[in-house]
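The following questions and answers concern how terms are applied to a structure. Each answer sets a value against its definition and then concludes.

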Amino acid sequence: MANELNYANYDFDDAVDQLIARLQTNDATKDTYRSSTGEMLTELYAYVANLVLYYIERRAEETYLATAKNKSSVINIVRALNYTPKRKVSATGYLTFSINTPIAFNIFIPKYTECQTASGIKYVTFEDTVLLAGQSSVTVAAIQGEKVLIEQTADGMASQEFKISSDSVENTNLRFLVGGVEWTLVTSFINSTATSLHYMLRTELDDTVTILAGDGVNGSMPASGSTINTIYIKSDGADGNAYSAGVITTVNSILYDITGTVRSLTVTNSDTFLGGDDAEDIEEIRYEAPRVFKTGDRLVTKDDYIAVLENYAGIANANAWGENEETVPDYTMFNKVRLVVLLENWAIPGASFKSTLSTYLYTKSMMTVKYEFITPEIIYVIPTLIVKCDKGVSLADTQDSIEDAISALFVLGTTTKLGVSKRISDVIAAVEGVSGVSYSHVTLDIYKALDTGSTYDYYDTLEAVNITTGSVRLYDGTTLMATDDGGGGWTSEAGYTITGSVDYVTGVIAVDVTGSIIGTVSVKYTQDNGAADEGDIVVTKKQVCALQSTLITSIGYVS
Amino acid sequence: MAQIEVWSDIHQDFKKDAQGGLKKVINVDSVMTSIDNILRTKQGERVMLPSFATTLADLTFDPMSDNLMGNMAKEIKRSIEKWDDRVTVTGVQYFQDPDNNTVIIYLSFTIRGYSQTFNYKTGV
């Protein structure tokens, strides 16, 4: 309508058009030229209006979770959902301290004993322990990071604040002591009395932390002059994950035996240190907060489990299911919930991680529920392509873009998830969505390096079944050694004699090789899913597709 | 007899009319206002329309010469005819006034729908 401003149109030209239309209805002007005084004033007004409306729109955007762009706005919005964005989270695991020759005295290994890797990543023990007389080793729980102690003095005022000016304060392991007495962390002072030794934490917009004490009515006030000790772990977040055993090699702290004699111990990690994660960024908070809020802090539905698991530090993707969702419903599972989780960088959780995670989940779950952790299976995919491009485009640049587009389809937790099949149509769409690509032919090969066997030279089980008959190729490095004959046997290539079998239904593969092996023995094959899912990789609830590599066998111009 | 209002514009002095409203100029006066706006606006000055008006201001510190005068005349004709298609410039005369660092410009032009030639004088 000409006589109304359409506030949705923030465009300068629209504003000018609407203002002129309005002026014309009021007989204010008969005609307008860009050079007229009236037009100049109208445009000046539209320019100012456009500028003001732009900032109004920006402000409006900051009030909604979906559109907010500043981290400060996102944090403030999710506070209303009782969601506290995670700070850096430290990896956890176990350290084993050893002594070459056992001695006749106990050696104390106190909490916060510091060790480190060759690259300088620090870890501290998380409990007091003792290497007993006569023993050669002891294992103790540990956490990545270094202990930091801050000493301050209370001023006796209400609602005192104690700032920690570090953005690496570990998410959960912070202690607040007033006059040597440890206070308790609460999320609100609403149930605190004047004598409650409670404190709150506030993560600041710059990722530093402030400790809040009570006002003497809700929550006790630290008395004037009392010593405030804040102890926290300075975390390296995701950089602190140790993905292999034996990387923590140095004891930094001095250890004593019961006689006060300094003792030299060695240290190692017999398992991985996992679960370390960086502070949540805006997009993670935006995604996680509503999902976690929806759970009501209780684990009831499948979505609840997945939301809470994926919000747990270090977990990149998770799946959960019960008895009804087994391919054949398994009512002997009773109240058992099966969980499968994958950590950042495709790491598979170890025993200590699963133990800690279980403890956490039980605080939110129904009373009778039991958990069973299922080991995830990673299906390594090699999209194999023939590509035809429009004339004139750079083939090298197009190939790079295709590889990037395919990589984007295999981002764990985002574009590839546990229990979600990989559709060939998505891969084709990604390839043909690249500028300059005219058309393509795509095959999704599955790759697996074979384990050595006892009865056979190589023996393994291919997880992604059924296998397409005649599609299994056996390689020594990149050299083709044999293909399956379509009947469960092998047809050898020149230079090799291969015997053994392939079971297309169970995926069991057995190989005996006559001839020298130079590289990794592996197979590539395709999955037979029938007409409905032809060309796709159909996974089970515990399986996830990962990108092994992209193989472009041919790229050229359309004829 | 009142003129038929074909074109109208706001009076540049922002005066009140007899009814207390903003005084308007119409028809030929409106065109004159338009020419005045084109010549008195420096190119780049107008918001969202930086190409509007003339580049005369760029010539401020050029030495006075016939060449400069010629360039000014061309620029005036080009810009007026570009920004106001009601006007066809038929002549540009200029007189140097070195004592006042000014060039007096006389324009003669026709206006679409009018048979006579109009004149306009300004100093730059």
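Q: What makes up the area that chain A and chain B bury between them?
A: In this predicted model, chain A and chain B bury about 1700 Å² between them, and 57% of that area is on carbon and sulfur atoms. Buried area is the accessible area (1.4 Å probe) that two parts lose on being put together, summed over both. Tyr33(A), Ser35(A) and Thr37(A) supply 34% of what chain A buries against chain B, more than any other three residues.

Q: How many residues of each chain take part in the contact?
A: Chain A gives 18 residues and chain B gives 24 residues, contact being defined as heavy atoms within 4.5 Å.

Q: Why is the pair Arg46(B) and Glu43(A) called a salt bridge?
A: A salt bridge requires a side-chain nitrogen of Lys or Arg within 4 Å of a carboxyl oxygen of Asp or Glu. The closest N and O atoms of Arg46(B) and Glu43(A) are 3.1 Å apart, so the pair meets the definition. The rule finds one salt bridge across this interface. Helix α2 (residues 37-61) of chain A gives the most to the side of chain A that touches chain B, with eight residues; helices are DSSP runs (H or I, at least four residues) and strands likewise (E, at least two), numbered from the N terminus.

Q: Why is Ser36(A) called buried?
A: Buried means under 20% relative accessible area, exposed over 50%, and partly exposed in between (1.4 Å probe, protein chains only). Ser36(A) has a relative accessible area of 6%, and therefore counts as buried. Ser36(A) is placed in the loop between α1 (12-25) and α2 of chain A. Leaving aside neighbours within four places in sequence, Ser36(A) is in contact with Asp9(B) and Asn37(B).

Q: What is found for Glu326(A) and Arg338(A)?
A: Glu326(A) forms a salt bridge with Arg338(A), the closest N and O atoms being 2.9 Å apart. The pair links distant parts of the chain, with Glu326(A) in the loop between β19 and β20 of chain A and Arg338(A) in strand β20, twelve residues apart. Both residues are buried.

Q: Why is helix α5 of chain A described as mostly covered?
A: Eight of the ten residues of α5 (residues 302-311) are buried, among them Tyr305(A) and Leu309(A). These buried residues pack against several elements of chain A, including α4 (282-295) and α6 (351-362).

Q: On what basis are residues numbered and values counted?
A: Residues are numbered from 1 along each chain as its sequence is written, and chains are lettered from A and ligands numbered from 1 in the order in which they are written. In this predicted model, local features need pLDDT of at least 70 and side-chain atom pairs count only at pLDDT 80 or more, while totals for chains, interfaces and linings use all residues; side-chain values use heavy atoms, with hydrogens and water left out.
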